[in-house]
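Open the model in your viewer and keep the selection tool at hand. The stops below go from the whole chain to single residues.

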Amino acid sequence: MPAYLTSPKAAAPSIFTGTPRRVVIPVLHTCQHMQASTSSAGGSEDPPRDSVSSRSRVPSKATRRIRGEIACAECRRLKIRCDRTIPCSTCVKRGCGALCPNGTSSKLLVRDLRNFILNDGRAETIPPGEGSRFVLAATDHLRHKMTRMEARMRSLEDALAIIQISESDQPHPLLSSREELEDDEGPMLQALIDEQSISSSPVLPQASGTLWTDERGSSRFFGPSGGAESSNAPPSRRSGPVLQELDPSYLPQEINQCYQSFPLTPPNVVASSVQQMIESFLPSIDRAITLCDTFLEHLSWMFHIVSRHKMVNELIPVIYKQVASPYGPHDLALLLIVLGVGSLVDLNLPPYNLEAQHYYRLARATLALQPVLGAQSVVTIKVLHLMSIYNGMSGKEGNLEQSYTLLDLAGQVAMRVHVDPSMWKFEGREAYDRRVYFWNLMAGVLWQSLVTGRPPSLVTTYIDCRIPTPEDENLFQEGEVPLGFGIWGFKASKECLIPLVRLVLAAKPPSYEAVMELDRKIRDLAMPRADLQNQTDRTAISMRNFVRSHYQELMLMYLHRAFFAQAVTEYPDNPLQSPYSQSVIAAYSSACGVLQDTRAQFLKKPLLCARIWRMWTYGFTAAIIVGTVAIRGVHLNLQPRPLAEFEAICKIFQSASETSNRAARAMASFFVLTP
């Protein structure tokens, strides 16, 4: 008999060596097989007859299991009762009847060994175990293979997540939790189809903005959402009020030196003596309180930086030495800048008056007495914020860049108040005031980003400041000037304005599906009820109703403005045939809403509205959209009629241009727009 039949273990090396070779498939060796082979072999190699007969008299365990004399291999391994039938009822119930009684399947064994041989030892399927341990060996093999595949799957998921973060804020469909996935492949394939359709949807061409440089080399940057209307007006058509410049020669040299050195502290200056000089230029206490009340009544609808309780009940008594309490240069600067902005909106004074310039110069000099970048506080942030507002309302177009820079600086310094005040054990009014101010600063930074097209200075990822509760607002706003936005405005900033800035100013143009999703979110924002019953003639409430009435339209206008421009450019004959036709309608209707509210409010409060430069910035953006439709899309039959709307708002801008330099520059751009 050949050696590889009588001794399988010894024959294993010869199976894998030699070419060509003869492949023999082994089967289970029972005693009957051994007897048949020995009887047919013959010759001197036959074993003694007595040895064969003795081997046949001792049945193996496999034979005894086949005869039903002992328990099957699986029942023995699991230590359970076996009924010794072939296959036994236990194995049938467990679904492994093919392995009964010896724990192996001759068909599986032959197939796997054949593949193992033909692939030169590379097993494509599960290799058999030793003896009756086939099931255990297969289980261990599968477990190890699953572990390796799971590790690889996790690595691929991590890599996919990193790539997805750089492309979109939304999680990738393949990274959904297991509970969200079905057992079949249908939902997964559908998710892939949806992702491909989103990626293939129309997007805006990537735009980086506009860099404007004057003849002296100074530059100003306007991002994709910013407007450079101030640089586009022809010099011959620029008009507006003539501004008076303050002559600072009446002030001591030390004060002017501090003014020039801001934001750094000048060397060789005694801060205490300079502070006493500055305090000598303060107005009477009655005039200071009047200007504070004017400031709050005329501007609290737009922002809420300081409260009347803080200014009139705490700060003024201390600075005017009615209460003995220590205070620093930045506390004095806060009072001075409030007086300066209050003078700008004092309707009994001319616009951009010298008194406002006087207080602003003193405030800036006082702020430089204490390091802004090294010893700042919440008061420092508020002073920088108010200085930004003053420069925006000063009537000088050259001061707008300072306004942007100061607000960015306030945002950088404000990283000390981005954490909720409860973390520092603040309670009551102090915690409420800090939360209210932070969300007012956040709104100011976000709207400045939309106007200029520049990234916001406050990174929303690290914000942990909570929105005040309605109970706190009702408690601590008693006796105060009504807020313009309040809790409703803070929620609108968090839920809509932050996503709007992130979407519009993204490095890569957003998908149109993302734009329409944010559109639905903005439209679903619940609007507060307008106070039309009580004190409608009061300036604070009238302006609050005005700014709330078109807040949604403002966000929608900035959301759809870029797509509106793209549609008008690519489809000049009929923008409604563009893939962005929804943005054409949304941008036009929201722009009309902004212009109608601006026109109505200017007729109510013309003197105050003419001094609020941000109103005319928003109005200019809306007027450009309506004017474009009036010139290029008269045939589109949009309502209200674009030409009538554009003519009506031009009259309002013409009236405001007598006071507002911003409105005057917008009118110059309107002359360029119209033939």
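The tour starts with the overall fold and then moves through a series of selections.

**Whole protein.** This is a predicted model. Colour by secondary structure: the protein has 30 helices and two strands. Of its 675 residues, 45% are buried. Now consider contacts between residues at least 6 apart in sequence: 70% of these join residues at least 24 apart.

An unreviewed UniProt entry places the feature "domain: Zn(2)-C6 fungal-type" here. Over residues 71-100 the chain is 40% helix and 0% strand. A distance drawn between the C-alpha atoms at the two ends of the range reads 10 Å.

**Cysteines.** Select Cys292, which is buried at a relative accessible area of 1%. Then select Cys592, also buried, with a relative accessible area of 1%. How many disulfides are there in the model? With a disulfide taken as a pair of cysteine sulfur atoms within 2.5 Å, the count is zero.

**His304.** Go to the loop between helix 14 (285-299) and helix 15 (308-319), where His304 is found. Is His304 buried or exposed? Its relative accessibility is 8%, and buried means under 20%, so His304 counts as buried. Show its neighbours, leaving out residues up to four places away in sequence: His304 touches Val436, Tyr437, Asn440, Gln477 and Leu483.

**Gly328.** Move on to the loop between helix 15 and helix 16 (329-344), which holds Gly328. Gly328 has a relative accessibility of 18% and therefore counts as buried, the cut-off being under 20%.

**Helix 29.** Finish with residues 642-656, which form helix 29. At 1.5 Å a residue, its 15 residues should span 21 Å, and the end C-alpha atoms are 21 Å apart, so expectation and model agree. Which residues of helix 29 are buried? They are Pro642, Glu645, Phe646, Ile649, Cys650, Ile652, Phe653 and Ala656. Turn the view to look down the axis of helix 29: the buried residues fall within an arc of 165°, so they line one face of the helix.

Notes. Residues are numbered from 1 along each chain as its sequence is written. This is a predicted model: local features need pLDDT of at least 70, side-chain atom pairs count only at pLDDT 80 or more; totals for chains, interfaces and linings use all residues. Side-chain values use heavy atoms; hydrogens and water are left out. Helices (H or I, at least four residues) and strands (E, at least two) are DSSP runs, numbered from the N terminus. Buried means under 20% relative accessible area, exposed over 50%, partly exposed in between (1.4 Å probe, protein chains only). Contact means heavy atoms within 4.5 Å. UniProt positions are given in the numbering used here, feature names are shortened, and annotations may be inferred rather than shown by experiment. The expected span of a helix is 1.5 Å times one less than its number of residues. The arc is that of the directions from the helix axis to the C-beta atoms.
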